[in-house]
Amino acid sequence: MEPTHSWGPPHPEQLGWTLDRHILERQRSTPDATGDFTGLFQSIALAGRMIASRVHKAGLSDVLGRAGETNVQGEEVQKLDVLANQVLVRCVEAGGHVCVMASEENEDIIPIPAHFPHGKYVLMFDPLDGSSNIDVCMSIGTIFSIHRRTSKSGPGTREDCLQKGTSQVAAGYILYGSSTVLVYTTGDGVHGFTLDPLVGEFFLSHENIRIPKRGSTYSVNEGNTSKWSPGMREWVQWLKSDEAPGGKPYGLRYIGTLVADFHRTLLKGGVFAYPGDVKNPNGKLRLLYECAPMAFIAEAAGGAASTGTQRVLDVEPETLHDRVPLFIGSADDVADAVRHVS
Ligand code: AHM
Ligand code: MG
């Protein structure tokens, strides 16, 4: 049975539409599918459920606070960052679906131990996005990006990871918010699933998400205004004026967790920006673990993602931890941003 409507209370017959079933239907309709993608996805969803369970009782177990290290980005690592990273690696490495992984938290690639088979996919992730929000019970998330390997066989390489966003075969995120929601795309349709924590399954809740062509909110850390370029300042000033599209100022919404800010933008429209500034010309967000996967989702939902001068999906990564400025969301709002900042 095809699901009959977009999100809202599920039709009783849709109740059996789990994430597993959705991915399996896809596998059956893909000639030559081996089940590897399905297996990989099941491992990611398992990791998501495990992380969600830790996140939702974080205050009760000893997982809040700092781990006492800084990561490759020079940022303080939180205990939950470490835990989420380990959970993802352990859930995926043994499946035989991937040949290599890379994480925002690890300086170099994460090899698959030699005693496990090496598969045809490459998995990259930000295990816990929005770290600064962990200790204050705000929404946080996991972002993932899947490519096919470019090397022939054996252990995967750094080059397998350094692929443009356009080569992604799938991307998604898991938002640990008031509900846990997994959103993914394989490039043709964006679908959202909500975790029923008692059943322990993700159920289809947001079918074929389309981002509105234009929104009425902007999402940016405006505390950085003094470091912005004149074009960036002009754009935000314009959005806050009666000259803004719609004839009235846009509203400001900023959580400080990309997954949460992007999820709202995806469902309601508008624009999220993390621009470059005088100190950090490429901004803060990482191409491989944050910008490219979100750009893949945005475009598949009819939206857009730009660095201000280039389509995010066309950026060639040079290193595992490259950063790029990000303007993402409704197509018309992103076009306005690019007009001002480029
Ligand atoms: P993280 O992956 O270490 O948590 O950092 C990325 C986060 C994004 O989720 C968010 O959009 C951004 O950092 C917020 O940064 P700022 O606090 O500078 O506004
Ligand atoms: Mg992040």
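The model is predicted, so local features need pLDDT of at least 70 and side-chain atom pairs count only at pLDDT 80 or more, while totals for chains, interfaces and linings use all residues. Residues are numbered from 1 along each chain as its sequence is written, chains are lettered from A and ligands numbered from 1 in the order in which they are written, and side-chain values use heavy atoms, with hydrogens and water left out.

**Metal site**

Select the magnesium ion (ligand 2), which is coordinated by D126 (OD), D129 (OD) and E290 (OE) at 1.8 to 2.1 Å. Donors are N, O and S atoms within 2.8 Å of the metal (3.2 Å for Na, K and Ca); water is not among the atoms, so sites may look incomplete. Along the chain, the donors follow the spacing D-x2-D-x160-E. Are D126 and D129 buried or exposed? D126 is buried, at a relative accessible area of 0%, and D129 also counts as buried, at 5%. Buried means under 20% relative accessible area, exposed over 50% and partly exposed in between (1.4 Å probe, protein chains only).

**Nonpolar cores**

Next, select L19, F41, M101, L123, F144 and I146, which touch the most other members of the largest nonpolar core, a set of 42 residues. Such a core consists of buried Ala, Val, Leu, Ile, Met, Phe, Trp, Tyr and Cys residues joined through side-chain atoms within 4.5 Å. Helix α2 (residues 36–56) supplies the largest share of this core, 9 residues. Helices (H or I, at least four residues) and strands (E, at least two) are DSSP runs, numbered from the N terminus. Apart from this core lies another, of 34 residues, including Y274, L285, V315 and L326.

**Aromatic pairs**

The whole structure holds 8 aromatic pairs. Rings of Phe, Tyr and Trp (its six-membered ring) pair if their centres lie within 6.5 Å; planes under 30 degrees apart count as stacked, over 60 as edge-to-face and the rest as tilted. Select F41 and F144: the ring centres are 5.7 Å apart and the planes stand at 80 degrees, so this pair is edge-to-face. F41 belongs to helix α2 and F144 to strand β6 (residues 140–148), 103 residues apart. Then select Y173 and F262, an edge-to-face pair with 5.9 Å centre to centre and 85 degrees between the planes. Y173 lies in strand β7 (residues 168–176) and F262 in helix α6 (residues 258–268), so the pair ties together parts 89 residues apart in sequence.

**Sheet and helices**

Now display the open sheet of 5 strands, in the order β12-β11-β13-β15-β14, with mixed pairing. Two strands pair if DSSP finds at least two bridges between them. Strands β12 and β14 (304–306) stand at the edges, each with a single partner strand, so one side of each has no neighbour in the sheet. Strands β13 (residues 271–274) and β15 (residues 326–329) pair in the antiparallel sense over 4 bridges, and V271 stands opposite G329 in β15.

**Loop residue**

Finally, select A244, in the loop between α5 (230–239) and β12 (251–252). A244 is buried, with a relative accessible area of 3%. From A244 to L288 the distance is 32 Å, C-alpha to C-alpha, at 44 residues apart in sequence.
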